[in-house]
Amino acid sequence: MTMQLDHIMFATNDLDTGIKHVESLTGVKAEYGGSHPGGGTRNALLSFGGRQYLEILAPDPHQESVNTLGQSLGSKTVPFIRTWAVAVSGFDTLKGVLHQSGYGCNIIDMSRTRPDGVQLKWQLLFVEGHEFGLAMPFFIDWLESPHPSDQAPGGCELISFSVLCPEADKFNILADSIGLEVEVSAGEKSFAARMNTPKGLVTLH
């Protein structure tokens, strides 16, 4: 089972503000990606290359956002790394390992349409029955869709991504069992993405 970090979700309460914030730090302007129907959100993307990217996620003002992620993000005042996604080609092996380790999972279908009219379809797997909160990534299978990093503006390179969570030892046991390579240390839940950018080294938290 091969997996790698797919994207980092950088959340903000307004997409245009989030794009400007990231551009001021990195010198690269993220490009609008599309809306997530039913999720109350829309995004903009910045490519790291190598099928990895930064997703700026914000409420979509054109969607009803009651009891959605979009509604939750609307109340945030400071942009932050919310969580992260790991790419996997097919979920069968991952589901088996998770089950053997005492965890459940939930798989959902997702889609969005790019500004050029291309529709992307993918599946997400969320691990259930764990105590790691959003320190636990969700898993993504892009199926037959082109990878979003192929079209997103480049110029930034992800140097490292690290995770802090109170249950680091237990997290690392699970990560080892599924072949997930990530730097996890004990501490209050937080993330740090260190990037090489046109403006030099930048760290998002």
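Visitor: Where is Q151 found?

Guide: In this predicted model, Q151 sits in the loop between β8 (138-141) and β9.

Visitor: M9 brings me to the largest pocket. Which residues are closest to its centre?

Guide: M9, L69, L124, F126 and F138 are the closest to the centre, out of 30 residues that line the largest pocket. The space in that pocket is about 500 Å³.

Visitor: Then how does β7 pair with β6, in what sense and over how many bridges?

Guide: Strand β6 (residues 104-113) and strand β7 (residues 119-128) pair in the antiparallel sense over 10 bridges. Within that pairing, R112 has L120 in β7 as its bridge partner.

Visitor: What about the turn of that hairpin, and which residue takes a positive phi?

Guide: The hairpin of β6 and β7 has 5 residues between the strands, and G117 takes a positive phi near 95°.

Visitor: Changing topic: how many aromatic pairs does a search of the whole structure find?

Guide: The search finds 5 aromatic pairs. One of them joins W122 and W142, a tilted pair with 5.0 Å centre to centre and 50° between the planes.

Visitor: Which parts does that pair tie together?

Guide: W122 lies in strand β7 and W142 in the loop between β8 and β9, so the pair ties together parts that are 20 residues apart in sequence. W122 and W142 are both buried.

Visitor: Why is the pair of F161 and F191 described as stacked?

Guide: The pair is stacked because the planes of the two rings stand at 10°, and planes under 30 degrees apart count as stacked. The ring centres of F161 and F191 are 5.8 Å apart. This pair links distant parts of the chain, with F161 in strand β9 and F191 in strand β11, 30 residues apart.

Visitor: Are those two buried or exposed?

Guide: F161 counts as buried, at 9% relative accessibility, and F191 likewise counts as buried, at 4%. Ring pairs also link W84, F161 and F191 into a cluster.

Visitor: How do β9 and β11 themselves pair?

Guide: Strand β9 (residues 157-165) and strand β11 (residues 190-197) pair in the antiparallel sense over 7 bridges. There, L164 has S190 in β11 as its bridge partner.

Visitor: What is the order of strands in the open sheet, and which stand at the edges?

Guide: The 4 strands of this open sheet follow the order β10-β9-β11-β12, with mixed pairing. β10 (183-186) and β12 (200-204) stand at the edges, each with a single partner strand, so one side of each is left without a neighbour in the sheet. From one strand to the next, the twist averages 20°.

Visitor: Which helix packs on that sheet?

Guide: Helix α4 (residues 168-178) packs on the sheet and touches β9 and β10, and its direction makes about 155° with that of β10.

Notes: Residues numbered from 1 in each chain as written. Predicted model: local features only at pLDDT ≥ 70, side-chain atom pairs only at ≥ 80, totals over all residues. Heavy atoms only, no water. Pairing = 2+ DSSP bridges. Helix = DSSP H or I, 4+ residues; strand = E, 2+ residues; numbered from the N terminus. Axes fitted to C-alpha atoms, helices over the stretch in contact; angles between N-to-C directions. Contact = heavy atoms within 4.5 Å. Phe/Tyr/Trp six-rings, centres within 6.5 Å; stacked < 30°, edge-to-face > 60°. Buried < 20%, exposed > 50% of the residue type's maximum accessible area, 1.4 Å probe, protein only. 1 Å grid on protein atoms, 1.4 Å probe; cavity = no way out; pocket = protein on both sides within 12 Å on 5 of 7 lines; lining within 4 Å. Points joined across faces, edges and corners; volume = space filled by probe spheres on them.
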